[in-house]
Amino acid sequence: MPSSTRPRVVILGAGFGGLGAAKALAGKADVTLVDRHNFQTFLPLLYQVSTAGLAADHVVHPVRGALRDTGVKFRMGSPISVDHKNKTVKLDSSETLEFDHLIVALGSSTADFGVPGVSEHGLGMKSVHEALMIRAEVMRRFEDLCRFEDNTRLSIAVVGGGPTGVEMAGALAELKRGPLKNDLAHAADHIDIYLIEAGPRILPMFSEKLSARAESDLHKLGVFVKTNTSVREIKSRQIIVKTGEPIPAEVTIWAAGVKGEPTAGLLNLPIAGTRIDTDENLEVNHYPNIWAIGDINGSKGKDGRFYPMVAPVALQQGKWVAQQILRKHEGKALKPFKYRDKGSMATIGRHKAVVEVRNFRMTGPLAWFAWLFLHLFYLLGGRNKIGTIADWTWNYLTFDRGNRHIMDTL
């Protein structure tokens with residue numbers, strides 16, 4: 001397709017969806033990808049950075065490196081306004097980009113659901129910065145226990161019983177049982193780990209049998225799992241619940257949910273809940289040639305619910321919207337997006353994981369190795385893959401974690 005006839009496409013956000021769309025359009029459109037960071041973060045493995053299992057630079061990859069030899073342009077910045085009439089988007093770098101099509105792939109941010117104290121006393125799980133803050137806080141409190149040499153207890157609470165919360169609680173338990181116990185057993189023995197879930201069971205997107213298996217595995221690791229426990233308020237040293245006694249928590253990790261990235265509100269687009277209101281074709285309602293994908297997308301599936309805020313949705317929508325733009329540019333009719341659910345998986349700890357793909361279910365070591373392989377497959381960059389394999393192998397063979405550094409990021 002000659003350059004003069006190519007559609008000009010601006011993509012806001014270099015996450016799974018935005019980067020996937022950019023690669024799919026490379027060579028077929030004049031594409032500019034915009035992100036406030038010059039790297040993509042592999043969010044599914046952030047919890048391992050938080051718990052000293054992986055080095056932080058193993059879960060990020062330079063955007064320009066991912067776009068090398070594609071012809072896609074990159075701009076580091078954030079959108080501050082969109083001129084819909086003139087089809088331009090202004091960045092905080094004062095640059096104005098013209099477009100024929102705009103793809104909004106801004107992702108999501110932590111949702112506090114109106115619970116007081118989350119922003120003040122809770123630690124989120126949406127960036128490398130936050131992951132390093134969690135790691136530093138946990139290790140600093142452990143050093144306090146080592147210094148006290150008494151019966152003081154350290155309580156770490158993870159709020160949210162979805163995959164992120166379950167994986168975080170399991171990783172913390174293994175950090176306690178392995179490396180920290182080897183460092184100073186007395187201090188490690190005085191660490192308590194809680195997993196708090198408002199619903200009747202953890203991993204509600206899985207079958208009841210797999211949820212029960214995951215809860216059993218967490219109990220074996222020493223995690224106190226509290227279901228049917230709604231959080232009313234987060235305080236500096238405890239969590240106030242709606243019914244029952246407060247739960248001690250010197251460190252509170254908030255993994256209870258996410259919402260559409262608020263930056264989308266600057267674009268003067270219709271909002272559905274916290275997402276951009278889109279039709280079945282992924283095009284923004286009443287705004288032709290503007291598209292939304294990933295966590296910010298407000299389309300609904302056959303069940304009438306928003307698509308889940310998970311990487312597979314963003315990956316599929318990124319490729320799909322690229323096809324839609326090319327179809328529209330060629331005068332062809334648009335096609336409704338259909339999400340192909342490839343199943344769910346969550347890891348609890350060494351040789352402990354659950355996998356569910358339609359009616360197929362798997363637990364134990366095979367599920368654990370499947371989880372490792374799949375995440376390694378989607379991780380960007382050969383250096384990151386090799387580094388991650390090295391860290392995982394070291395952790396597996398030695399029961400140690402070499403990334404137990406307290407690195408303040410402020």
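This is a predicted model: local features need pLDDT of at least 70, side-chain atom pairs count only at pLDDT 80 or more; totals for chains, interfaces and linings use all residues.
Residues are numbered from 1 along each chain as its sequence is written, and side-chain values use heavy atoms, with hydrogens and water left out.

**Exercise 1.** Determine where A52 and E149 lie, and whether each is buried or exposed.

Solution. Begin with the backbone: A52 is not a glycine, yet its phi is positive, at about 70°, and E149, also not a glycine, has a positive phi of about 50°. A52 sits in the loop between α2 (46-50) and β4 (60-62), and E149 sits in the loop between α5 (128-148) and β12 (154-159). Finally, apply the cut-offs, where buried means under 20% relative accessible area, exposed over 50%, and partly exposed in between, with a 1.4 Å probe and protein chains only. A52 has 0% relative accessibility and therefore counts as buried, whereas E149, at 63%, counts as exposed.

**Exercise 2.** Describe the setting of Y47 and the separation of its C-alpha atom from that of E167.

Solution. Y47 belongs to helix α2. Because its relative accessibility is 6%, Y47 counts as buried. Along the chain Y47 and E167 are 120 residues apart, but their C-alpha atoms are separated by 7.2 Å.

**Exercise 3.** Work out how α5 is oriented relative to helix α6.

Solution. First take the geometry: α5 and α6 (residues 163-183) pack at an angle of about 40°, with their axes 13 Å apart. Here axes are lines fitted to C-alpha atoms, for helices over the stretch in contact, and angles run from 0 to 180 degrees between N-to-C directions. Then classify the angle: under 35 degrees counts as roughly parallel, over 145 as roughly antiparallel, 65 to 115 as roughly perpendicular, and the rest as oblique. α5 is therefore oblique to α6. As for handedness, α5 passes α6 in a right-handed crossing, a term used if the near helix is turned clockwise from the far one by less than a right angle, with anticlockwise giving left-handed.

Definitions and conventions
Helices (H or I, at least four residues) and strands (E, at least two) are DSSP runs, numbered from the N terminus.
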